[in-house]
Amino acid sequence: MAKSISASIMCADLLNLQASIKQLEEAMVDYIHIDIMDGSFVPNITLGFDLINSIKAITDIPLDVHLMVNDPARFIERMNLSENDIICVHYESDIHIHRTLESIRKKGCKTGLAINPQTPVNAIEYLLEYIDMVLIMTVSPGFAGQKMFSGAQRKVLDTVKLLENLGFNNIPIEVDGNISNENGKKLSKCGADIFVLGTSSLFIKDKDMSLCAREFRAEVDYV
Ligand code: DX5
Ligand code: ZN
């Protein structure tokens, strides 16, 4: 499966987002990753739905929205998104996750299902028909700049095995949290397909984003 870069916009210069998005277009990233936090599911509050709609209005890069909110179904209709965009919800955030995934599909967007480091891979087993992407959190969600948890490589390998055994190896695996060039290379070898790049690989002070993206692509055999 082709490898993809998803740029985590919460790590960009928040006072110059339009300029950052232009740089991401020049760096030809595949997605813009937008972290939405509610201060409850995770102990932090970041970007909002109006910002998502504003970003959508100025770029053709597909959006990869990462909802770290409790009861995400309440917010699906707040986003002006379309068929190339992904809305990713957390398994741990919603007791009716099946219904929420269906509502995202009904809206015409792609679905993503995210699981925290401690959540067993087989939690996704009965929902595979409803997801277009699985997101393996490689840090506990809520903050940029954290260190990848030690079980990340094993977890990606187990996810590949589960998807293969159940005949769903068409579903790409995204990894998010401390995806440095080094960690990206390791996780890519384990079977990861989409890499959320933040402070440890793409948004590096005084370093050109296109150069960062090229260097990362070289590490993960990006074709
Ligand atoms: C954390 C977010 C990540 C974060 C990545 O909860 O989901 O997308 O922005 O930042 P780094 O790459 O610095 O870990
Ligand atoms: Zn994220």
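The shell around ligand 1 is made up of 9 nonpolar, 10 polar and 2 charged residues. These values come from a predicted model. In total, 21 residues surround the ligand, and Gly142, Gly145, Asp176, Asn178 and Thr199 are the closest of them. Two strands can be picked out here: strand E2 (31-37) and strand E3 (63-68) each contribute at least two residues to the shell.

A closer look at single atoms shows how side chains meet the ligand. In threonine 199, a polar side-chain atom lies 2.4 Å from an oxygen atom of ligand 1. Aspartate 176 brings an N or O atom of its side chain to 2.8 Å from an oxygen atom of the ligand. For serine 8, the distance between a side-chain N or O atom and an oxygen atom of ligand 1 is 2.9 Å. How much of the accessible area of ligand 1 does the protein cover? On its own the ligand has 380 Å² of accessible area, and the protein covers 100% of it. The space that ligand 1 takes up is also the largest cavity.

Attention can now turn to charged pairs. Side chains of opposite charge can pair when their charged atoms come close. Across the whole structure, 11 salt bridges are found. One of them joins aspartate 132 to arginine 105, with 2.9 Å between the closest N and O atoms. This pair links distant parts of the chain, as the two residues are 27 residues apart. Arginine 105 belongs to helix H3 (residues 97-107), whereas aspartate 132 sits in the loop between strand E5 (110-115) and strand E6 (133-137).

Definitions and conventions: Residues are numbered from 1 along each chain as its sequence is written. Chains are lettered from A and ligands numbered from 1 in the order in which they are written. This is a predicted model: local features need pLDDT of at least 70, side-chain atom pairs count only at pLDDT 80 or more; totals for chains, interfaces and linings use all residues. Side-chain values use heavy atoms; hydrogens and water are left out. A residue is near a molecule or strand if one of its heavy atoms lies within 4 Å of it. A polar contact is a pair of N or O atoms within 3.5 Å; within protein, one must be able to donate a hydrogen and the other to accept it, and residues adjacent in sequence count only if both atoms are side-chain atoms. Accessible areas come from the Shrake-Rupley method with a 1.4 Å probe; for residues, only the protein chains shown count as cover. On a 1 Å grid over the protein atoms alone, a cavity is a set of points where a 1.4 Å probe fits but cannot get out, and a pocket is an open set with protein on both sides within 12 Å along at least five of seven lines; lining residues have an atom within 4 Å of a point. A molecule sits in a cavity or pocket if more than half of its atoms lie within 2 Å of its grid points. Helices (H or I, at least four residues) and strands (E, at least two) are DSSP runs, numbered from the N terminus. Ala, Val, Leu, Ile, Met, Phe, Trp, Tyr, Cys and Pro count as nonpolar, Asp, Glu, Lys and Arg as charged, and the others, Gly among them, as polar. A salt bridge is a side-chain nitrogen of Lys or Arg within 4 Å of a carboxyl oxygen of Asp or Glu.
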